[in-house]
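Trainee: I am new to this structure and would like to be walked through it. Could we begin with the overall picture and then turn to single residues?
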Amino acid sequence: MSTLQNTRILLVGGSSGIARRIAKDALAAGAEVVLGSRRPEALADTVAELGSGASAVHLDLDDESSIAAVTTLGPLDHVVSLAANHANGPVADLDRAAVERAFAAKVVGPILLAKHVAPTLRDGGSFVFFSGVAAWKPAPGLAVMATTNGAVAVLAEALAVELAPLRVNAVSPGIVDSGSWDGMGDGKQKMFDATAASNPARRVGRPEDVSAAVLLALTNTFVTGTTLHVDGGGRLS
Ligand SMILES: NC(=O)c1ccc[n+]([C@@H]2O[C@H](COP(=O)([O-])OP(=O)(O)OC[C@H]3O[C@@H](n4cnc5c(N)ncnc54)[C@H](OP(=O)(O)O)[C@@H]3O)[C@@H](O)[C@H]2O)c1
């Protein structure tokens, strides 16, 4: 096992609820964290709350020059990308631009992160990319989500072989109370109750469940080319 002490970690999609928890846990383990997203100004409160060792940068995975600029941030040990853009709905109604944004956030962006950043990572470095349970549990209206998340798992295997000895892994959450469901209003609790009733783990996930898997992927030097499923067994129910 390696340690996160004195490492520097870039968290792309840093304004997500899960990213905030990873940042907190990584800081507690002695790392420095840089949170990147398209709206770094939205991260100001989070950075202030995280305190010393946390900072925010502008980073848009839909813009290759923004990704290339990561190499000017100074030495990094690990890159974790949680960025996601959704293009949900019946296939007949899908908007091409939305589909492309979804692929940019989850698939093309991570490929370009590997292209630009892998050559500059310190020895022992790694990538963690975010997949999701929809890849293993297809449902009507979620074709793009299933396909992008499935691609992330395959990408982790392909890059683990190509970029070795850098390590590359994926983390696949199930339904997690990360804040991203809060817009559902009253429907959120109903959906959570239904998920918990059918999950083998009998509950929905919490950001700390996912963060623990990310920290394992970052520090266990014998784990590469793997998707860690943190879904309460939801893909099987
Ligand atoms: N929460 C769940 O139940 C669940 C379930 C399955 C999988 N997951 C996966 O877990 C990850 C985190 O989930 P979450 O719910 O915490 O996330 P979230 O709240 O949906 O946040 C997504 C983040 O991606 C950033 N982003 C979007 N497009 C980007 C781009 N082009 N470049 C850079 N950043 C971009 C957004 O920030 P800006 O708008 O500032 O750019 C935002 O911070 C996601 O990959 C998600 O698909 C979550």
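Mentor: We shall go from the whole chain to selected residues.

Mentor: This is a predicted model, in which local features need pLDDT of at least 70 and side-chain atom pairs count only at pLDDT 80 or more, while totals for chains, interfaces and linings use all residues. Residues are numbered from 1 along each chain as its sequence is written, and side-chain values use heavy atoms, with hydrogens and water left out.

Trainee: How many helices and strands does the protein chain have?

Mentor: The protein chain has 7 helices and 7 strands. Both are DSSP runs numbered from the N terminus: helices are H or I with at least four residues, and strands are E with at least two. From the N terminus on, the order is β-α-β-α-β-α-β-α-β-α-β-α-α-β. The radius of gyration is 17 Å, close to the 18 Å that the globule rule gives for 237 residues, so the chain is as compact as a globular protein of that length. That radius is taken over C-alpha atoms, and the rule is 2.2 Å times the number of residues to the power 0.38.

Trainee: What box do the C-alpha atoms fill, and what share of the residues is buried?

Mentor: Along the principal axes, the C-alpha atoms fill a box of roughly 45 × 35 × 35 Å. Of the 237 residues, 50% count as buried. Buried means under 20% relative accessible area, exposed means over 50%, and partly exposed lies in between, with a 1.4 Å probe and protein chains only.

Trainee: Let us take single residues. Where is Leu10, and is Leu10 buried or exposed?

Mentor: Leu10 is found in strand E1. Leu10 counts as buried because its relative accessible area is 0%. Leaving aside neighbours within four places in sequence, Leu10 is in contact with several residues, including Val34, Gly36, Leu59 and Val80. Leu10 and Phe127 are 117 residues apart along the chain, and their C-alpha atoms are separated by 9.6 Å.

Trainee: You mentioned Val34. Which element holds Val34?

Mentor: Val34 is in strand E2, residues 32-37. With a relative accessible area of 2%, Val34 is buried. Val34 and Leu10 are 24 residues apart in sequence, and 4.8 Å apart from C-alpha to C-alpha. Beyond its neighbours within four places in sequence, Val34 touches Arg8, Ile9, Leu10, Leu11, Ser55, Val57 and Leu73.

Trainee: Now the helices. What span should H5 have?

Mentor: Helix H5 covers residues 143-163, and at 1.5 Å a residue its 21 residues should span 30 Å; the end C-alpha atoms are 29 Å apart, which agrees. The expected span is 1.5 Å times one less than the number of residues.

Trainee: Which residues of H5 are buried, and what do they pack against?

Mentor: Among the buried residues of H5 are Val144, Met145, Thr148, Val152, Leu155, Leu159 and Leu163. The buried residues of H5 pack against helix H4 (96-117), strand E5 (126-130), strand E6 (167-173) and strand E7 (227-230). An α-helix has 3.6 residues a turn, so residues three or four places apart point the same way.

Trainee: A change of topic: what joins Ala164 and Pro165?

Mentor: A cis peptide bond joins Ala164 and Pro165, with omega about 10 degrees. Pro165 lies in the loop between H5 and E6.

Trainee: Which values does phi take at Asn6 and Arg202?

Mentor: Phi of Asn6 is near 65 degrees, a positive value in a residue other than glycine. Asn6 sits in the segment before strand E1 (8-12), and Asn6 is exposed, at 63% relative accessible area. Phi of Arg202 is near 60 degrees, also positive in a residue other than glycine. Arg202 is in the loop between helix H6 (187-198) and helix H7 (207-219) and is exposed, at 54%.

Conventions. Contact means heavy atoms within 4.5 Å.
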